[in-house]
Amino acid sequence: MFFIRRTNSEVPIIKEFYVLGTIIQLKVYGRKAEKAIQEAITRLYEIDDKMSAFKEYSEVSKINKNAGKLHSRVSNDTYFVIKKAVQYSKLSDGAFDPTIRPIVNLWGVNTDNARVPDRDEINNALKLVNYEQVALDDTNSTIKLNYENQCIDVGGIAKGYAADEVKSIFKKNKIRSAIIDLGGNIFAYGSKQDGAKWNIGIQDPFSFCGEYSGIVSVKDKSIVTSGNYERYFMKDGKRFHHIIDPRTGYPSENGVVSATIVSDYSIDGDALSTCAYVMGIDNGVELIESLDGVDAIFITEDKKIHITSGIKDNFKLCNTEFMYGNHVN
Ligand code: AMP
Ligand code: MG
């Protein structure tokens with residue numbers, strides 16, 4: 001019996017695996033697909049080893065252990081991601097904040113210890129949340145958290161960086177067509193095999209996984225969504241999700257149930273989807289409209305869809321339960 005290797009460029013190679021705390025699916029067309037996928041897997045594990053807050057030996061854990069004490073030298077990868085995270089914290093006036101981890105730990109969403117913390121616990125932990133206390137030293141590639149017990153969480157941005165790194169590997173291997181899916185953090189790489197745009201479904205936040213509210217058609221773009229349906233627990237009929245408003249220490253509640261960012265780089269899309277979610281419709285739309293080459297699709301509690309001006313020709317509502325909101329330009 002022969003084992004036939006796929007060399008036909010019409011048939012994609014699909015690999016699914018678990019890393020970075022999520023299910024990853026790589027769907028790659030082309031002769032060098034297998035090789036590119038293997039390189040991508042190695043790179044994704046490497047990024048996880050450096051940035052996981054759960055691995056004791058990671059660089060992020062080292063920074064956290066040294067909080068209030070020492071500067072930690074880190075790799076270019078970790079330095080780049082944390083520096084970007086702080087830049088987005090400034091841009092969003094603190095709606096994004098990579099020092100949110102003490103609060104994230106209290107809520108324990110997606111762990112066996114998920115619970116609603118007391119107001120006092122939240123207020124105490126909030127004292128530690130402040131991106132301005134992340135000391136970055138470009139010359140030495142060192143990072144220090146200025147106060148003891150401060151703690152970094154790159155969960156809101158690292159998957160975006162990882163998607164960009166997979167994209168670079170595919171490019172190096174001359175792949176022309178692929179879908180990089182990092183737990184819903186998608187990079188629609190190149191175009192479809194026939195040169196047409198990719199059609200990417202935007203999850204209906206009120207429905208089951210895989211049901212869409214609309215479709216974005218793009219070539220070579222990152223599409224990242226932050227949503228309240230991704231990670232949450234229920235208590236007394238109320239949903240407590242994983243995107244924290246750093247001003248209150250509680251899951252962000254401003255009417256937005258999902259914020260999707262379409263951008264060239266996924267690191268920007270990932271950080272901005274979290275920013276936009278927390279900032280809400282008015283401030284979120286204003287921020288995204290102020291940035292070149294970045295668009296957003298917001299879905300609100302009242303089943304309205306708000307899109308920014310650059311995406312209107314490439315977005316299609318595909319679910320009659322939704323209507324366009326005020327912010328359609
Ligand atoms: P995302 O799914 O990209 O919106 O990121 C959410 C994850 O980022 C959470 O699971 C937390 O680990 C972390 N996070 C939660 N709230 C924030 C915030 N306001 N700023 C930065 N990271 C956050
Ligand atoms: Mg994010």
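## Overall fold

The protein chain has seven helices and 17 strands. The model is predicted. A compact globule of 329 residues would have a radius of gyration near 20 Å, and the 20 Å of this chain agrees with that. The C-alpha trace spans about 60 × 45 × 40 Å along its principal axes.

Of the 329 residues, 54% are buried. Among contacts with a separation of 6 or more, 59% are between residues 24 or more positions apart.

## Helix 5

Helix 5 covers residues 119–126, and its buried residues are Ile122, Ala125 and Leu126. Viewed down the helix axis, the buried residues of helix 5 fall within an arc of 100°, so they line one face of the helix. The cover over these buried residues includes helix 4, residues 101–107.

## Aspartate 295

Strand 14 runs over residues 295–300 and contains aspartate 295. Aspartate 295 is buried but has no salt bridge. The nearest side chain of opposite charge belongs to lysine 221, 7.0 Å away; a salt bridge would need a nitrogen within 4 Å of a carboxyl oxygen.

## Salt bridges

The structure holds 20 salt bridges. One of them joins lysine 84 and aspartate 268, with an N to O distance of 3.7 Å. Lysine 84 lies in helix 3 (residues 76–91) and aspartate 268 in helix 7 (residues 266–289), so this pair ties together parts that are 184 residues apart in sequence. Both lysine 84 and aspartate 268 are buried.

Lysine 55 forms a salt bridge with aspartate 49, where the closest N and O atoms are 2.9 Å apart. Aspartate 49 has a relative accessible area of 30% and is therefore partly exposed.

In another salt bridge, the side chains of aspartate 245 and arginine 247 meet at 3.0 Å, N to O. Elsewhere, Arg43, Glu46, Lys50, Asp77 and Glu165 are joined into one network by salt bridges that share partners.

Definitions and conventions:
Residues numbered from 1 in each chain as written. Chains lettered and ligands numbered in written order. Predicted model: local features only at pLDDT ≥ 70, side-chain atom pairs only at ≥ 80, totals over all residues. Heavy atoms only, no water. Buried < 20%, exposed > 50% of the residue type's maximum accessible area, 1.4 Å probe, protein only. Helix = DSSP H or I, 4+ residues; strand = E, 2+ residues; numbered from the N terminus. Arc of directions from axis to C-beta. Contact = heavy atoms within 4.5 Å. Lys, Arg positive; Asp, Glu negative; His and termini not counted. Rg over C-alpha atoms; globule rule 2.2 N^0.38 Å.
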